[in-house]
Amino acid sequence: MRILLMLFFFLSFISGCFAQSESLARNFFEQGEFEKALKTYETLVKGNPQNIRYFFGVVESEQQLENFAKAEELLRDRLNNSANNPTLLIELGHNYELQEQQKKAEQFYNEALAAVEGRPNYAFSIARTFEKYNLLDKAAATYEKAMVLSEDQNYNLQLARIYGEQGKTEKMFANYLELIEANPDFFNIANREFGKYISEDASAEANTIFRKLLLTKLQQNPKLLYNKMLSWLFVQEKKYSRAFSQEKAIYKRGGKSLQNLLTLAVTARKAKDFEAAQKIVEYVISQSNSENLILQGNQFLLNIQVEQETGEAAAEIIKKYEALLEQFGTGIKTLALQIDFANFLAFKKGEKERGVSLLKELSEKTNSDFNKAMVKLALADILVLQEKFNEALIYYSQVQNLVKNDKISQNARFKVAKTSYFKGDFEWAKQQLDVLKSSTSQLIANDAMELSLLIEDNTIEDTTQVALKKYARADLLAFQEQDVEAIKLLEDILNEHKGEKIEDEALLKQAKLFEKTGEFEKAAGNYQRIIKFFKADILADNAYFYLAELYANELNEPEKAKAAYEEIIFNFADSIYFVEARKKFRSLRGDK
């Protein structure tokens, strides 16, 4: 036993020494010290002649030193002693290509390709070696030949990837489709590859090719798989009504669940395609026998109407809420609907007392701690709306006690801090916010950090906190949906506290309110002022991103949008908007 242990430790030691030496050789090679790399690799080969990595380390070092004859000698010797491994023919061809002897290189490449006829099983290693030297045409030809010679060989995945790199988009999609047809589970994996080529632009070449391929396949063989893929494509293009047509076809031809349609409706709503979202949900309601699903569908339709409500349809919306509550009752089953109704009455219709009364009555009916917490959270929000801050704080604290380890509890704690901030109790608010910076909810953590920084920045120099109190008041007015009054108060801050820390925050807040009220040019002006006067400050990347979004979506100035996105890419690499800015910049630039 002792001898075996000693042998084990000895072998481990030897293995460690080889690993260290290989790392050293690789480091020499990467640093361009090829003579040192060569000597180290030669020592490694002597110790382990069969190790292919060490061997190619020697060959590549000789090639870098332009000792091509020596490299050829090594390769030929290896070829003669390795049962004619055809990948070594490619290595010999590459050795000639390095010497700019293309004709001789091609002879070896063709010989390697011809070897597939006698040995189809070598196709993968041959093709991978061609790929190693970016000889994609030859790699593709290798895979194609192997699949013709042997039905057992399937290289559609490898070919699809190569076709994509070559820009042969139609061939790439065709190969992926063959893979998916053979194994539908592969669709979710292939989606990630499709995402590299498919864009929001329905007229883009890749989108057009993929759409035509799918429609042709659907005509030839009406599989639900093709409807599913067309639906996915239309969602990428934000053509939700067309995606609905495909999902409806899937459901009609054997779908047992309406879940995909509901998911599509939610996606359409997020993208502000309310018309498509409404059509989808109306269809779901017409097809469902579930009372609960019908209730949720009607609530969804009401939420869409509330989101677009301008004031004129308020009475009609109230009647719809009342009709639904009459149909489905005012028990726990309609709790979410009743909370929505109370919020609508308080925030949109100005009937705050009615909203409070409805929620207090609902709270008495509720036994579940979770449901009670949801009701009390909504009730506290309306009390903040009424500026009954102390009463609101009591309810928020009750929510924290009801659901201690839930995300709702963290949300209530953030609202305690925000309410204290509205009251002007900045020190207590900051204490609460600093605790929430480590919240498990990234959204709450980010919001807490932003508000904490706002308070900190505007209490160091201004101990009286005059500007911050005004800003908190404007923030409360915005929460109360008194947007015009909030904009006016922010204008006062900008006039009376010019040059103070609060200025860029006030400009940003006012710009977002200008967007909400449809005053897009004014919003753009505010973002431009932040960029001009506060380019080195923390809100600069926000201003660039929001300005780019305005130019792209509201002001129809794509070139200006592109320039603003580009600023984030080159000057704000650590911005939370970096990835999205890069994606949108490339889309505007027309990248494939």
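# A tour of the aromatic pairs, cores and loops

The structure, which is a predicted model, holds 26 aromatic pairs, a pair being two rings of Phe, Tyr or Trp (its six-membered ring) with centres within 6.5 Å, called stacked if the planes are under 30 degrees apart, edge-to-face if over 60 and tilted for the rest. Residues are numbered from 1 along each chain as its sequence is written, and side-chain values use heavy atoms, without hydrogens and water. Because the model is predicted, local features need pLDDT of at least 70 and side-chain atom pairs count only at pLDDT 80 or more, whereas totals for chains, interfaces and linings use all residues.

**Confidence.** Colour the model by pLDDT, the predictor's confidence in each residue from 0 to 100; the mean for the protein is 88, and 95% of its residues reach 70 or more. Then select residues 2-18, where the pLDDT is below 50 and where the model has four contacts beyond near neighbours in sequence, a contact being heavy atoms within 4.5 Å. Where pLDDT is low, the predicted coordinates should not be read in detail.

**Two ring pairs.** Select F244 and Y283, whose ring centres are 5.7 Å apart and whose planes stand at 70°, so that the pair is edge-to-face. F244 belongs to helix α14 (residues 240-252) and Y283 to helix α16 (residues 274-287), 39 residues apart; helices here are DSSP runs of H or I with at least four residues, and strands are runs of E with at least two, numbered from the N terminus. F244 is buried at 9% relative accessibility, and Y283 is buried with a relative accessible area of 12%, where buried means under 20%, exposed over 50% and partly exposed in between (1.4 Å probe, protein chains only). Now move to Y321 and F344, a tilted pair at 6.0 Å centre to centre with 40° between the planes. Y321 lies in helix α18 (residues 314-328) and F344 in helix α19 (residues 335-348), so this pair ties together parts 23 residues apart in sequence, and both residues are buried.

**Charges over rings.** Another example is K512, which lies over the face of Y546 at 4.0 Å from the ring centre.

**R211.** Select R211 in helix α12 (residues 205-220), which counts as buried at 14% relative accessibility. Its side chain reaches the backbone oxygen of A202 at 3.0 Å, and, leaving aside neighbours within four places in sequence, R211 is in contact with A202, L230, L233, F234, E237 and R242.

**Two cores.** A nonpolar core is a set of buried Ala, Val, Leu, Ile, Met, Phe, Trp, Tyr and Cys residues joined through side-chain atoms within 4.5 Å. Of the 104 residues in the largest one, Y321, L359, Y421, I455, Y471 and Y527 touch the most other members, while helix α21 (residues 369-385) gives the most to this core, with ten residues. A second, separate core of 77 residues includes I198, L213, W232 and A243.

**Two loop residues.** Finish with K238, in the loop between α13 (224-236) and α14, where phi is near 60°, a positive value in a residue other than glycine, and with N556, in the loop between α30 (540-553) and α31 (558-571), which has a positive phi of about 55° although it is not a glycine. K238 is partly exposed at 45% relative accessible area, whereas N556 is exposed at 64%.

Notes
A charge sits over a ring if NZ of Lys or CZ of Arg is within 6 Å of the ring centre and within 35 degrees of the ring normal. A polar contact is a pair of N or O atoms within 3.5 Å; within protein, one must be able to donate a hydrogen and the other to accept it, and residues adjacent in sequence count only if both atoms are side-chain atoms.
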